[in-house]
Amino acid sequence: MSDNGFEAVIGLEIHVQLGTATKLFCGDRSQFGSAPNTNVCPVCLGLPGALPVTNAAAVELAVKAALGLHCTVHLTSVFARKQYFYPDLPKGYQISQYDRPLATDGWLELVDAAASRRRIRVRRIHIEEDAGKLIHDRLPRRTAIDLNRAGVPLVEIVTEPDLANPAEARAVLVRLKRLLQYLQVSDCDMEKGSLRVDANISLRPRGARTLGTKTEIKNLNSFSNVERALTSEAERQADLLARGGAVTQETLLWDARAGSARVMRSKEESHDYRYFPDPDLPPLVLTAQMVDRVRRDLPELPEARERRFRTEYEIPGYDADVLTADRDVADYFEAVARDCGDPKAASNWVMTEVLAWANEQGAPVSAFPVPPPRLAQLIELIADGTLSNRLARQVLTRMMTTAEPPRAIVEAAGLASVGDPDQLEAWVAEVVDAHPEEAARFREGEAKLLSFFMGRIMKASSGKAEPRQTAELLRSRLLADH
Ligand SMILES: [Zn+2]
């Protein structure tokens, strides 16, 4: 965003589907992908006389999310009816929480490019049920309704307007997703609608204290769309304000294809919804013991794990960040590092070969066909000089299709590095003699040509020349000639 005298103030509301087997107030399955309107019953259809019963597993996941975000969990919270009319809401109201939410006052740590840390405050987390889904592209000129999602458990996470630009908003979402996946609260799959983001943004003159009028943007179906939509809306508001106009409080719908937002409705106030405590549901009462148990059972959180990777394994901050982005990847790396005793080598192999495989296959690292102890054995073969990096990559390719340990593959295929001095001397001589001009330039001080020669020797030896001895022989030959 260009500096036009304004600064942005951004807050996020994130809806996250809790990974339970069943819905929030009935026994219907909450899983994605069933045939339309098959996971429904009188409760989620809002038929007369049907009574909701709260799903304890959903409450436990919500508490986990709240604790992971360092919130205060309230032992008593209240379910409230949020009333509005929409065709995907058969009851005419959504069961949510209003003035007594499950949890308040948390934070999420944000690390910027300069590695400085800052806390983004979380205002509240409440439990609510999802609505159904309108489907516009299934029947020609008609809209269909699928109520499978109606009653699926969600938490809504609301941040304070602590974000100063669209890139920060995206960074917060990346961190939040990582946290929720670590906690196994949700799969956070945006394509399935398990994570949905609304963003609000206002501008104010740089350095001002008071907040400007905000707009809310909905329909942000990817993190990059969040960033694009906020950038576009900040520019629109800046233009408007610079021309002496005023921003209207309204809800905008982002159109990713057009790259612009359009007005959906003027923003409603909460009193428009006529919230009141749901008479069918008692207050949600938790015991301190239950909250303590969930807290005790929390896994190591990603920030803590990232910090530990940097100190315990002494790997660079960049590596620690990449390796902890996904719990799967972190587990895999850690198993390899412990087995081979060389964390930096483990990090290099995981960040290149293993992650490249995962990206290509679109599969999780836990599905990588080479288990951690085997990769650790391969790294040991490099450390003891049996394999060059290049040969090791060839061995790894073979390891993906066989359960044989790397040493057996090396022996069977004759892939081991050659350390025989006579053979190495012969390769060195052949390559140096073939490039007299480069050899002369090396002697005149062009030290980086050493890697040129090493490359040629590796090629001549099909990657088998043992690198350390070869480098020594090469250097002495280049300097001894003439
Ligand atoms: Zn149901």
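Helix H11 (residues 389-399) packs against helix H12 (residues 406-413) at an angle of about 110°, and their axes lie 10 Å apart. Helices here are DSSP runs of H or I with at least four residues, strands are E runs of at least two, and both are numbered from the N terminus. Axes are lines fitted to C-alpha atoms, for helices over the stretch in contact; angles run from 0 to 180 degrees between N-to-C directions. H11 and H12 are therefore roughly perpendicular to each other (under 35 degrees is roughly parallel, over 145 roughly antiparallel, 65 to 115 roughly perpendicular, the rest oblique).

Val395, Arg398 and Met399 of H11 meet Pro406, Ile409 and Val410 of H12. Contact requires C-beta atoms, placed from the backbone, within 7 Å. By class, this contact has five nonpolar, no polar and one charged residues. Ala, Val, Leu, Ile, Met, Phe, Trp, Tyr, Cys and Pro count as nonpolar; Asp, Glu, Lys and Arg as charged; the others, Gly among them, as polar.

The model is predicted: local features need pLDDT of at least 70, side-chain atom pairs count only at pLDDT 80 or more, and totals for chains, interfaces and linings use all residues. Residues are numbered from 1 along each chain as its sequence is written.

Four residues of domain 2 contact six residues of domain 3. The domain 2 side has one nonpolar, two polar and one charged residues.

An open sheet of nine strands runs in the order S2-S6-S7-S10-S1-S11-S12-S13-S14, with mixed pairing. Strands pair if DSSP finds at least two bridges between them. Strand S2 (72-73) and strand S14 (260-266) each have a single partner strand, so one side of each lacks a neighbour in the sheet. Strand S13 (residues 250-255) runs antiparallel to S14, joined by six bridges. Trp254 has Ala261 in S14 as its bridge partner. Helix H3 (residues 166-182) packs on the sheet and touches strands S1 (6-17), S6 (103-111), S7 (117-129) and S11 (195-205). The direction of H3 makes about 110° with that of S6.

Ala471 sits in helix H16 (residues 467-480). Ala471 counts as partly exposed because it has 17 C-beta neighbours inside 10 Å (20 or more other C-beta atoms within 10 Å is buried, 12 or fewer exposed, in between partly exposed). Its C-alpha atom is 66 Å from that of Thr251, 220 residues away along the chain.

Key: Contact = placed C-beta atoms within 7 Å.
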